[in-house]
Amino acid sequence: MSTPVEYRFSFGPWNISEGADPFGPDVRQPFPHEEKFGLYRGLGFEGIQFHDDDVVPGLDDLNPAQILKQSAVVKTILSNQGLTPEFVAPRLWFAPQTVDGGYTSNRAADRAYAWDRTQKCIDIARAVGAKAIVLWLAREGSYIREAKDARLAYQRLLDTVNAILAYDPEIELWIEPKPNEPTDQAYVPTIGHAIALAYASTDPTRVKGLIETAHALLAGLDPSDEMAFALAHDKLASVHLNDQNGLKFDQDKNFGSANLRAAFNQVRVLEEAGYGSRGEFIGLDVKTMRTQAGSPVTAHLTNSREIFLWLVAKYRSLDHAAVAALREARDYEALELHIIRHLLGI
Ligand code: GLO
Ligand code: MG
């Protein structure tokens, strides 16, 4: 047996949120961004995930020198706090130029904006010392199928992947698939789509995936199988663990809170593959409940981390020989009961 992985955890500042939902006013005051950096270590997290404008607010209006200056300020804060920047993601879903997507927009000017913003994001990633950018392709899709030439859109996405690889000889590109929201249908809905893009690219070794539990569930797929697929291709660069109660809006519930057994299976698949042994983070993408009082609200992050670690302990204390024997005997009824008993601690 290899040495058990000691997990490292990460999250993005957007997970400490302002208490907004579309059906009422904000229920919490915004928590100052810079003060979030000081919370991480105390909560048990050492990795920080960024949007480009989390590092450099208002970057659309700044020149390259200003962008590098602000990135250097953040880099110093990170090193003072003992934090590792895991990735930087271009926020391509807020600006007016991205209402119809960035890379796949029908307008050339919007596509140019998206590419300009992506280059800035890569520059920021380099400047803060992150080895990867993440593409969550929020609006790369369509609201109605006739709106876009989907085949052309797929070519444009591949061209973008290749342009990123050419722009920077070292940066990694991790694609975070999601099937819908904010679009009706997204062009990269599953990890299979992301990995196909990786293999079709000019440097497959630098194109990987980030799998979010809720996104897989929204695609009607099992998150642990999605993770296993990426792991089988050695392309699972990061995860966004959370949970989702059925097919509805992207809920970002606490890990394991809706389906404990599915959460256990994600942990099992990660453990079996030795995920984390090369420094990969356990990323959490969770939101607190609207009803939660206090400021800042962080219990959803520490609770999700704790649930993950409890499930790791559950996996490690499983009778692996018994599981192997039941698999061999193909007695899946007995195997299921064995797993449920173990999870219930009976
Ligand atoms: C939304 C996504 C989003 C991304 C983040 C990093 O559904 O999960 O939170 O993870 O923007 O790219
Ligand atoms: Mg996510």
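This is a predicted model: local features need pLDDT of at least 70, side-chain atom pairs count only at pLDDT 80 or more; totals for chains, interfaces and linings use all residues.
**Exercise 1. Describe the site of the magnesium ion (ligand 2). Which residues coordinate the ion, and what is the geometry of the site?**

Step 1. Name the donors. Glu-176 and Glu-212 give OE, His-240 gives ND1, and Asp-285 gives OD. The distances run from 2.0 to 2.2 Å.
Step 2. Look at the angles. The magnesium ion (ligand 2) has 6 donor atoms, with angles of 81 to 170° among them.
Step 3. Recall the ideal. Six octahedral donors would ideally give 90 or 180 degrees.
Step 4. Assign the geometry. The site of the magnesium ion (ligand 2) is octahedral.
Step 5. Read the spacing along the chain. The donor residues follow the pattern E-x35-E-x27-H-x44-D.
Step 6. Glu-212 is in strand β8 (residues 207-212) and His-240 is in strand β9 (residues 236-241). They are 28 residues apart, so this pair links distant parts of the chain.
Step 7. Check burial. Glu-212 is buried at 2% relative accessibility. His-240 is buried at 1%.

**Exercise 2. Work through the aromatic pairs. How many are there, and how are the rings of Tyr-7 and Phe-308 arranged?**

Step 1. Take the count. There are 11 aromatic pairs.
Step 2. Classify Tyr-7 and Phe-308. Their centres are 4.9 Å apart, with 90° between the planes. The pair is edge-to-face.
Step 3. Locate both residues. Tyr-7 sits in the segment before β1 (9-11), and Phe-308 sits in helix α11 (residues 299-316), so the pair ties together parts 301 residues apart in sequence.
Step 4. Check burial. Tyr-7 is buried at 12% relative accessibility. Phe-308 is buried at 0%.
Step 5. Turn to Phe-11 and Tyr-40. This pair is stacked, with 4.0 Å centre to centre and 5° between the planes. Phe-11 is in strand β1 and Tyr-40 is in helix α2 (residues 40-43), 29 residues apart. Both are buried.
Step 6. Tyr-7, Phe-9, Phe-11, Tyr-40, Phe-45, Phe-255 and Phe-308 form one aromatic cluster.

**Exercise 3. Find charges over rings. Over which ring does the charged end of Arg-8 sit?**

Step 1. Start with Arg-8. Its charged end sits over the ring of Phe-281, 4.0 Å from the centre.
Step 2. The charged end of Lys-235 sits over the ring of Tyr-199, 5.6 Å from the centre.

Terms used. Residues are numbered from 1 along each chain as its sequence is written. Chains are lettered from A and ligands numbered from 1 in the order in which they are written. Side-chain values use heavy atoms; hydrogens and water are left out. Donors are N, O and S atoms within 2.8 Å of the metal (3.2 Å for Na, K and Ca); water is not among the atoms, so sites may look incomplete. Four donors count as tetrahedral if all angles lie between 85 and 135 degrees; four count as square planar and six as octahedral if opposite donors are over 155 degrees apart and all others between 65 and 115; anything else is irregular. Helices (H or I, at least four residues) and strands (E, at least two) are DSSP runs, numbered from the N terminus. Buried means under 20% relative accessible area, exposed over 50%, partly exposed in between (1.4 Å probe, protein chains only). Rings of Phe, Tyr and Trp (its six-membered ring) pair if their centres lie within 6.5 Å; planes under 30 degrees apart count as stacked, over 60 as edge-to-face and the rest as tilted. A charge sits over a ring if NZ of Lys or CZ of Arg is within 6 Å of the ring centre and within 35 degrees of the ring normal.
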